[in-house]
Amino acid sequence: MSEQFSLQEVIDSFRLSLSDSKELSLDHYVEGWRGLVKLLNSLGSVFGFISKDVVNKLSILVSLRGGPEGAHYLSLQSMVQYELQSGLVEGGDNPASGTRGVSGCRTLLRLHRALRWLQLFLGGVSRDEGTPPTLCSLAYSQSLSQHHPWVIRSAAGLAFRMLPPRDPFLRMLNAGEPPQAVEVLGGAVPVLGEVYTITEELYSKHDLLHLP
Ligand code: 1PX
């Protein structure tokens with residue numbers, strides 16, 4: 001993936017993350033998130049505390065995948081199965097990462113919740129339902145904010161106000177002029193939705209949606 005963010009590359013990574021049998025490849029999932037981090041970084045340093053947290057979570061997943069038990073981290077499904085069977089979901093001493101108390105499942109859960117925010121936010125932008133700051137904060141209050149303490153919610157609220165207006169925001173996506181960017185966004189939302197739904201159903205089935 002190039003240094004410059006392109007929305008299309010992010011969509012491609014998330015699309016590629018899903019196999020025909022709806023297994024979700026963790027490598028492509030992480031790649032999709034890396035692209036999102038590039039956009040976040042291009043929005044300026046007020047978003048730095050958010051991108052730092054995402055980078056941190058991605059590096060946990062990458063180290064699990066590259067570790068001695070990495071084969072179990074090929075897909076979301078194999079990760080869930082492995083961590084459940086080995087009693088690792090709630091942390092514990094994970095030999096795969098050396099990161100005590102941090103499971104792949106709880107780490108990915110944080111990104112999964114953020115994906116819901118992204119799906120709502122981008123859906124709103126693509127349908128022109130308001131300005132990016134307004135839509136961002138609406139999407140946040142409908143999703144992620146329930147999982148965040150007051151201090152994070154207020155920092156996030158301050159950062160949202162720094163988002164650019166619609167047209168400059170659309171141009172930052174590197175997906176052409178605003179009308180083309182809107183089209184690309186419209187294509188992104190169902191892809192994110194599918195990834196979200198598959199994860200949500202799997203986590204719900206195994207009662208993993210509230211991992212500490
Ligand atoms: C296509 C272009 C769209 C823009 C792409 C931007 C992608 C942004 C993704 C935001 C991801 C946020 C992940 C948050 C994960 C999380 O919930 N972490 C918290 C809990 O972690 P823990 O390990 O302690 O259980 C952690 O406390 C969070 C810290 C950072 C603050 C998170 C604020 C989230 C605001 C989400 C909206 C981002 C606004 C970006 C503007 C475009």
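Trainee: How many salt bridges does a search of the whole structure find?
Mentor: The search finds 8. Keep in mind that this is a predicted model.

Trainee: Let's take Lys57. Which side chain does Lys57 meet in a salt bridge?
Mentor: That of Asp53. The N to O distance is 2.9 Å.

Trainee: How many residues apart are Lys57 and Asp53 in helix H3?
Mentor: They are 4 residues apart, so about one helical turn separates them. Helix H3 covers residues 48-66.

Trainee: Is Lys57 buried or exposed?
Mentor: Buried, at 10% relative accessibility. The cut-off for buried is under 20%. Asp53 is partly exposed, at 36%.

Trainee: Now the ligand. How many residues surround the ligand?
Mentor: There are 25. The closest are Asp53, Lys57, Arg106, Arg110 and His148.

Trainee: What does the side chain of Asp53 have 2.8 Å from an N or O atom?
Mentor: A nitrogen atom of the ligand. Lys57 has a polar side-chain atom 2.8 Å from an oxygen atom of the ligand. For Arg110, a polar side-chain atom lies 3.0 Å from a ligand oxygen.

Trainee: And how much of the ligand's accessible area does the protein cover?
Mentor: It covers 89% of the 920 Å² that the ligand has on its own.

Trainee: Back to salt bridges. Which residue forms one with Asp128?
Mentor: Arg166 does. Their closest N and O atoms are 3.5 Å apart.

Trainee: What does that pair tie together?
Mentor: Parts that are 38 residues apart in sequence, because Asp128 lies in the loop between helix H5 (104-126) and helix H6 (132-142), while Arg166 is in helix H8. Asp128 is partly exposed, with a relative accessible area of 48%.

Trainee: What about Arg171, which residue is its salt-bridge partner?
Mentor: Glu177, with the closest N and O atoms 3.0 Å apart. Arg171 is partly exposed at 42%, and Glu177 is partly exposed at 43%.

Trainee: Switching to the backbone. What is the phi of Lys22?
Mentor: It is positive, about 65°, although Lys22 is not a glycine. Lys22 sits in the loop between helix H1 (7-16) and helix H2 (26-42). Asn174 also has a positive phi, about 55°, and is not a glycine.

Trainee: Where is Asn174?
Mentor: In the loop between helix H8 (166-172) and helix H9 (178-205). Asn174 is partly exposed, at 33% relative accessibility.

Trainee: Last one, the surface. Which residues make the nonpolar patch?
Mentor: Trp150, Val151 and Ile152 make a patch of about 340 Å². Trp150 is in helix H7, residues 150-160. Trp150 is exposed, with a relative accessible area of 62%.

Methods. Residues are numbered from 1 along each chain as its sequence is written. This is a predicted model: local features need pLDDT of at least 70, side-chain atom pairs count only at pLDDT 80 or more; totals for chains, interfaces and linings use all residues. Side-chain values use heavy atoms; hydrogens and water are left out. Patches are made of residues with over 30% relative accessible area and no salt bridge: like charges are joined within 9 Å, nonpolar side chains (Val, Leu, Ile, Met, Phe, Trp, Tyr) within 5 Å. Accessible areas come from the Shrake-Rupley method with a 1.4 Å probe; for residues, only the protein chains shown count as cover. A salt bridge is a side-chain nitrogen of Lys or Arg within 4 Å of a carboxyl oxygen of Asp or Glu. Helices (H or I, at least four residues) and strands (E, at least two) are DSSP runs, numbered from the N terminus. Buried means under 20% relative accessible area, exposed over 50%, partly exposed in between (1.4 Å probe, protein chains only). A residue is near a molecule or strand if one of its heavy atoms lies within 4 Å of it. A polar contact is a pair of N or O atoms within 3.5 Å; within protein, one must be able to donate a hydrogen and the other to accept it, and residues adjacent in sequence count only if both atoms are side-chain atoms.
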